[in-house]
Structure formats: structure tokens, C-alpha cells
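Load the model in your viewer and show both cartoon and side chains. Follow the stops below in order.

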Amino acid sequence: MARHPLRYALSQLLLQLRIISAVARREMELRAAKGLFGVVGVFLEPLVLIGTFLALRILLRGAGEGSYMNLLLWLSVGFVPFFMFAEVAIKAISGVEKNSTLYFYRRLRPLDSLMGNALLTTQIFGLLLLVITMAVTIWEWRPQVAAFGITIFVVIGIAVLGFGVGLSTLILGHRLPVVAWFVKMFLRRILLWTSCIFFPIRIVPDQFRPWILWNPLAHGIEILRQSINPAYPAPGVSGIYFWAWVIGSLGFGLFIYGNNEELLYSTEGLPAATITDED
Amino acid sequence: MLLAAPSLADPAADPVASGLAGNDANDAAAVAMIELKRASKQESAGVGQKRRVFHDLTLTLYQGERLGLFAVNGEDATTLLGCLSGVDPLDSGSLVQHGSVSWPVGTNLTFSGKLSGAANARFAAEIYSQPGCLDGDLRLIQELTGIGDAAFHEPISTWSGPMKDALKLAVSLAFEFDVLAVGRISGWDFRAIHPHSVRIRELFERRIEGRTLVMAASGQNKLALEYCDEGVALVDGSLLYRGDPEVCLELVKEEAQRLKYERRQRVNARVKRLLGQDAVDPDDDDSDDELLGEAEAEPVTRLQ
């Protein structure tokens, strides 16, 4: 059965893509089976936060930042990628246990199911971002995004960063359960306040900027805003730092995944029951 | 076969050639398809209790073999099959599979009750069918189940048991594997002459033709004797015998009889000790002595 190696690699790659999209489709169908809330529920948290800040802006005229672009767009470019990041990471951390029945099909590896879930989450939030951008475009009746390519790449980069962080945490969490607990808390709380979501980096005084700029997500989000309007000032923000984090976290995650894949198949976790041998 | 062949560890051994060579396990060119080495497995038996299914077991399945797994306890055979197919994790030891091994045919844990039969089948087909064959496989699955279009698109939690069994069997038989692992099949009588059963039988025979078969014989001894050339008898956690499947079946039956006899003796002795020598009529305890285990014996103590 001699076959051309390139053709073989291509067919395997296509199979991989088919498996990932099958997992994403199944996840989508499972959510749809939950009823309306299963599909719309994901949008609820970012939309509520966007609405809150929009209301604050309208009522107080103080919150947020509206001078370089539409306020709604500015807020959504902060919140939607952030929630996408958190959702992708949390899905990756808790995804293996939830999907343990999928590994009954041995061709499907844990990484496939994680990638399928990440793909679906990225699709959902990407769609939300696209809808908001379109709505704002129609509202203002002029093109909003100056550099579409950068926007798309950075959104994908943020999703990949979430996947890398989630994957690393998943494996480390199997060795040290406290890591998973800590990262989950960290994702939801600390990152929300240090990711430039509801404040621009330029209003932070110089001496406090390092407190924000350690966070790659802040870089990503400010680059996104800069791609929408090139005049948007983002002092201290570095694309190289952001992409180094993306590649580093994904590479580290895949590296330790490759060495610890077998760990993920045991669904029972740590042995708790006492073993009584009759002999 | 197409997809699995490159994953063979030994490139010199051509799976197609040796597959066509027949079912000769002693063939010098025989390729090991599944190698289980020094494997142990325990199962939970009640809260905080573990029971040994097999211990330090080494078993090799060669290309073209048709092996039946016979065990005293029906669950043991199914568990061993699950471990061989890679669905159940081993407690210790190693499992090496060459080529693609199916999940236990006739069972499926991935099915989700919330999804329709079509969606569940489609998920399996997207993972396992050959490129370009997806729609054909889906049609085949629906045809094998014999379920109408409307019901096929309902969530399977609303389906009846036999319908679910039919879908499990149909999804398992729709794809090609190098090694077919057959678990407990329900809803299909291989001797029936109903066209539907014959259709499944034909497909089943086509799937195992020139390939390797391993089957859990528990609860389906007739099926195992029909299709297996060789059997292993799993007694007390280790392999007692490997060879003629009929001999395996006899061995396992004898062992089951012996265990039953021992249990009966133990219970009788216990009851006699508790109630005095001649208090128990030997005919009287015949009916429920099988049920009378340790737990049942306890209340007798308290009565005294």
C-alpha cells in the first residue's frame, strides 16, 4: 500500500479538520438541544457588560472612550475578545472531563475535542463581533475598520492564546489541581481588570503602565483598536510581546500535552477507593 | 484499512498479504494486531470494594485470527474486550494496537440522548468514514436500523430500547476496521431468516472477511461458536486455556458449576452451623440458595 507521502499527509490533515469540525458541530447541536438559552446564553454576559458600560457612558458621560471610534465598537472590541479568551481557556481546562464519553471513538484524541470546542467558541464570539461591527457600520454609515487583516489575525491570536493557556493549565492541573483552580479564578477576575477592556492604556499614568502591560491580552486588545483606527494612541503596546505569548503558550501547551496525553484518558481522577485484595 | 495501514509498527509486514493468507495463527508471517502485556484490571464491586477482573495477563492477537473470550463471569469477558479495544483503561500493563481497532460492536457510549439518531450517526461517520463516503454510510446506517425518516431525526432519548440497540449495531457495522471487537450484541439473531437479520449477517460477514475478530462470548455463546476459530478461557483472573472454543466454553461452564457448588456448600454449612444440625431440610433451601449470599445470611444470626 505504497502511497505518496504528501498525499498521505494531506489526507490526514483533512481528516483532522473533519474531526475537529465534527466535534464543533456536535457541541453546537448539544447546545441547541438545550433550547434557546443554550445558544443565546453565551452572548449574555458580554452583552450585559457592554450594555452596562454603554449606559454608564450615556448617563454619566464619563466611562469609556469615544473620541477615536464609536463607543459601542470600542467597548465590544474589549469585551468580546476578552470573553472569547476566557471561554476558550475555561472550556479547555474543563473540557476533557465533560467530553470523556467521546473518547469511546478511539480515533478522536483529547486534543481534537479541545480544538473542536475552541473552534466553536471562536466562531460564536467572532460572529458576535462581526454582527456588532456591521451594526455600527450601518449606524454610522461609513466603514469602521481600517485594517481588516490585522483585526482578524489578532482575534484569532487571542483565541489561540486562550487555547494555549487553557491547554497548559489542563495538563498542569492534572499534576497539581490547585493550578487549575487558581487559573480559573484568575481568568475571570484579575484579567478582567488588567486587560484594558473598559479603559484605554493611554489614560493610565506612565509609572502604573507596567501593572497593566504584563498582560498579553491588554496588548492584543489595544492592537485590535489600533487596527480599527490607526490614529488610536496605544503607548507601550507591542505586537511582538503579544505574539510571543501566543506562540509560547501554545507551544508550551502542546509540548506538555504530547508528553502527558495518557493522563487525560483516565476519567476517574485520583484513586480514592481503597483496594481490598482477597488474597 | 486504508487509513490504518500506515500506523503499523512494522513496515515489512504487509497487512493485506497476511490477511489474505487466511486464519492461520501459527503462520510464520503472522502480524500481531493487539498485544496485551502483563495487564491487570480491577473493577469496583460496591462501595470501597474492588474485584479483580484479570491479573498479569499477557495476550496477543494475530492478524486473521478469530478469537472468542470466554469467562465465568460475563462482565469479565466484556471488560477484557473493552481493554483490548482500548475503550477501558488498564490499571497496569501495556496495550499495543497495530491498525485500527473498533470499539465493542453493539455498544456505544458516545451516543448522546439529547441528539437525534441522525446526528449521532453523523458524528460517528464524520470520524470514521472514508473520504467521500459519508452520505452513503449515513444511508446505510439508517437502512440497517430500519427506522423511518421522522423517527430517525428525533432525539434518541425518546427511542425505545430495541431501536437504540439497532442504531448501536448499525453504527458499529457501517465502518471498516482492521480488528473488529464484538461486544454484547442485542437485537440481532444471527440465525434468523428475516431479511433484515440476513442483511446484517451479510454485512457482519463482510466486515470480518480477511480481517481479525475478537468477541466477548458472554451471553452469546452460539454466535461466538459460529464465528470464532479459537477461544480463550478466562478463569480466576488468568488465562486457563487457549484453543478450541468449544473446550473453552466447557471449561468455563465447569468452573461456573464448581463455583456454584462451592457457594452452595458454604451457605449450607453456614446455615447448618447457625440453626443446628438437623434443623434445615435439605430440599427446602434448594430454591433460594443462589440468592442467599453473605448479606442474606446475616438476618438469620439476628433471629437467634
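**Stop 1: strand E2 of chain B**

Select B:Asp56, which is partly exposed with a relative accessible area of 35%. Here buried means under 20% relative accessible area, exposed over 50%, and partly exposed in between (1.4 Å probe, protein chains only). B:Asp56 lies in strand E2 of chain B. Its phi is near 50°, a positive value in a residue other than glycine. Helices (H or I, at least four residues) and strands (E, at least two) are DSSP runs, numbered from the N terminus.

Before moving on, some ground rules. This is a predicted model, in which local features need pLDDT of at least 70 and side-chain atom pairs count only at pLDDT 80 or more, while totals for chains, interfaces and linings use all residues. Residues are numbered from 1 along each chain as its sequence is written, chains are lettered from A and ligands numbered from 1 in the order in which they are written, and side-chain values use heavy atoms, with hydrogens and water left out.

Two strands pair if DSSP finds at least two bridges between them. Pick B:Leu36; its bridge partner in E2(B) is B:Leu59. E1(B) and E2(B) form a hairpin with five residues between them. In the turn, B:Gly46 has a positive phi of about 90°.

**Stop 2: salt bridges in chain B**

Stay on E2(B) and show B:Arg51 with B:Asp76. Their side chains meet in a salt bridge at 3.1 Å, N to O. The pair links distant parts of the chain, 25 residues apart: B:Arg51 is in strand E2 and B:Asp76 in helix H2 (residues 74-85) of chain B. The criterion is a side-chain nitrogen of Lys or Arg within 4 Å of a carboxyl oxygen of Asp or Glu. By this rule the count comes to 22 salt bridges over all chains. B:Arg51 is partly exposed at 25% relative accessibility, whereas B:Asp76 is buried at 10%.

Next, select B:Glu176 and B:Arg211. They form a salt bridge, with the closest N and O atoms 3.5 Å apart. This pair is 35 residues apart and joins two loops of chain B: B:Glu176 sits between helix H6 (161-173) and E5, B:Arg211 between helix H7 (195-208) and E6.

**Stop 3: strand E5 of chain B**

Select residues 179-182 of chain B, which make up strand E5. E5(B) pairs with strand E6 (residues 212-216) of chain B in the parallel sense over four bridges. B:Val179 has B:Thr212 as its bridge partner in E6(B).

**Stop 4: chain A**

Switch to chain A. It has 10 helices and zero strands. Buried residues make up 47% of its 279 residues. Zoom to A:Trp141, in the loop between helix H4 (110-140) and helix H5 (148-175) of chain A. Its phi is near 55°, a positive value in a residue other than glycine. A:Trp141 counts as exposed at 71% relative accessibility.

Then show A:Asp206 and A:Arg209. Their salt bridge has its closest N and O atoms 2.7 Å apart. A:Asp206 is exposed at 56%; A:Arg209 is buried at 13%.

**Last stop: both chains**

Select A:Arg25, B:Arg122 and B:Glu126. They are linked in a network of salt bridges.
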